[in-house]
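Load the model and keep the sequence beside it. The walk below goes from the whole chain to single residues.

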Amino acid sequence: MKILDFLEKSIAVIGIIAFGGSVLPLMLTGGDPLAGDLESSGVTMFYGGVYLLLLGAIALRPAIAFQIPFASPALTMLIAFAFLTSLWSLFPDVTLRRSIAFLFTTVFGIWLGLRFRFPEIMRLIVVGLSALMFISFFMIVAMPDIGLDSAQHVGAWKGVFFQKNVTGRMMVWLILCLVWLDWQKEQSRWVTRPLMLLAMLLIVMSQSGTGLITSILVSVALLSTTFLRGSIRNFAPTMALLTALLVVMVTAGATFWYDVLYALGRDPTLTGRTVLWEHIVHSVWERPLQGYGYAAYWFGFNGPGASFTRDWGITSAHSGWLELTLDLGLVGVALVLAVLARLLFQGFFAARYGNGRPEAAWSFAVGCALLAVSVSESVFAERHSMNWVIATIAVVRLVQQSRWQRLLNDRAAEHARLHRHAPSGIGPAYAGRSRPLQAARS
């Protein structure tokens with residue numbers, strides 16, 4: 001069993017590294033890491049091997065295999081709808097192929113959420129993302145043509161990742177898991193805190209303003225749940241303070257947005273995003289309900305986004321909600337909203353009232369991070385992406401926690417019902433009658 005456990009954990013770490021948004025799949029298959037061709041035959045075979053490892057790990061635990069389709073109804077419907085969009089997709093074969101990648105990405109997150117205990121999941125993510133972090137530092141020093149940005153943000157550290165913003169996002173998830181382990185004392189502080197400092201260094205040097213803000217946000221969101229469990233005397237002032245801080249931040253951002261953007265290294269067009277978004281909004285209105293087919297809008301040089309793909313090299317909307325609407329329409333948006341609402345609302349209330357407070361607090365922090373990052377980056381329903389794997393783990397753990405709580409409540413209700421309908425006084429009355437009978441017999 002120890003060998004089997006080690007094998008499963010090794011597959012988990014391999015999957016985390018493979019879905020980490022790095023150039024390693026290209027480098028391992030002999031491709032050009034600067035070209036970023038993730039659809040090459042070598043990369044396709046690489047991910048095919050990862051799929052086979054995942055299927056093998058699932059086959060080792062048949063009980064988990066039967067749970068996967070029912071782990072989260074919203075996730076299952078989202079996968080099914082992604083495949084369904086191939087019926088009206090601009091490029092049906094592309095949508096079908098990429099829907100398979102989305103399926104395995106989601107199943108990987110579900111498997112992690114079902115198979116391992118929560119502290120184990122945190123450690124596995126830390127191991128995988130820390131490996132990518134150390135490889136990044138190595139490439140920055142030994143292979144600067146790959147490790148440093150030489151295009152738009154010259155000199156920014158991107159390490160082993162395709163782009164500096166991907167570097168920032170992956171380090172955000174690493175920091176969130178490290179903060180949780182440190183908070184719950186599940187790992188030595190001599191391990192977690194140096195890794196946090198290295199991750200923050202990589203975020204700062206990557207010049208990822210979104211990553212820097214989000215890493216602070218998730219840490220505050222996670223640790224602030226400590227104050228949710230107390231009496232109303234402690235809870236009310238804490239919520240009032242957090243609400244006041246949020247109002248101040250929003251007001252300051254709305255008033256000084258120009259200065260804030262420049263302080264974060266962004267121009268008022270958000271590095272050209274506003275021009276891109278204006279074009280996408282027009283496209284969305286042409287197919288608002290069903291979208292253009294999963295991952296089909298940016299394909300090739302003949303699609304509706306061809307001008308941006310050809311001239312700017314853009315292959316995403318750089319907005320989670322716009323990208324989702326292009327791919328899956330308003331149906332997909334509704335399903336992802338259901339997932340996000342569970343993370344935010346169930347995560348918040350479970351952190352205050354539930355038994356599994358630390359897990360729920362982490363899921364709540366994940367929801368906050370996704371909501372923040374989705375403004376300027378595509379993070380929802382991604383294939384081969386740790387962003388979506390993290391979201392999947394968080395929602396699956398909340399669903400399982402909710403089902404377990406309902407089971408406990410049903411058992412308690414059944415026990416109370418049986419106790420209520422049981423004949424009263426049967427024990428003492430029987431005992432009282434037995435003594436005279438024994439005396440008569442003697």
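Predicted model: local features only at pLDDT ≥ 70, side-chain atom pairs only at ≥ 80, totals over all residues.

The chain holds 19 helices and 0 strands. Of its 442 residues, 49% are buried. Take the contacts between residues at least 6 apart in sequence: 74% of them join residues at least 24 apart. The chain exposes about 21500 Å², and carbon and sulfur atoms supply 69% of that area.

Now look inside. In soluble globular proteins, nonpolar side chains tend to be buried together. Here the largest nonpolar core has 110 residues, and W111, W173 and W362 touch the most other members. Helix α9, residues 164-183, gives the most to this core, with 14 residues. Pick out W173. Beyond residues up to four places away in sequence, W173 touches L129, V366, A369, L370, M386, N387 and I390.

Next, find T214 in helix α11, residues 209-224. Is T214 buried or exposed? Its relative accessible area is 2%, so T214 is buried. The T214 side chain reaches the backbone oxygen of T210 at 2.6 Å. Leaving aside neighbours within four places in sequence, T214 is in contact with V172, A369 and V373. A369 is also one of the residues that W173 touches.

Move to the surface. L201, V204 and M205 form a nonpolar patch there, with about 230 Å² of accessible area together. V204 belongs to helix α10, residues 189-206. With a relative accessible area of 45%, V204 is partly exposed.

Two backbone angles deserve a check. Q207 sits in the loop between α10 and α11. Its phi is positive, about 60°, although Q207 is not a glycine. Q207 is partly exposed, at 41% relative accessible area. A381 lies in the loop between α17 (357-373) and α18 (386-421). A381 is not a glycine either, yet has a positive phi of about 50°. At 3% relative accessible area, A381 is buried.

Finish with the charges. How many salt bridges are there? The count comes to 11. Start with D5 and K9, whose closest N and O atoms are 3.4 Å apart. Both lie in helix α1, residues 2-18; they are 4 residues apart, so about one helical turn separates them. D5 is partly exposed at 24% relative accessibility, and K9 is partly exposed at 25%.

E8 forms a salt bridge with R115, with the closest N and O atoms 2.8 Å apart. E8 is in helix α1 and R115 in helix α6, residues 92-115, so this pair ties together parts that are 107 residues apart in sequence. E8 is buried, with 0% relative accessible area. R115 is buried as well, at 15%. D5, E8, K9 and R115 belong to a network of salt bridges that also links R61 and E120.

One more pair is D182 and R189. Their salt bridge has its closest N and O atoms 3.8 Å apart. D182 counts as buried at 11% relative accessibility, whereas R189 is partly exposed at 42%.

Key
Residues numbered from 1 in each chain as written. Heavy atoms only, no water. Core = buried A, V, L, I, M, F, W, Y, C linked by side-chain atoms within 4.5 Å. Buried < 20%, exposed > 50% of the residue type's maximum accessible area, 1.4 Å probe, protein only. Contact = heavy atoms within 4.5 Å. Polar contact = N/O pair within 3.5 Å; in protein donor to acceptor, adjacent residues only side chain to side chain. Patch = residues over 30% accessible without salt bridge, like charges linked within 9 Å, V, L, I, M, F, W, Y side chains within 5 Å. Areas by Shrake-Rupley, 256 points an atom, 1.4 Å probe, with all protein chains shown as cover. Salt bridge = Lys/Arg side-chain N within 4 Å of Asp/Glu carboxyl O.
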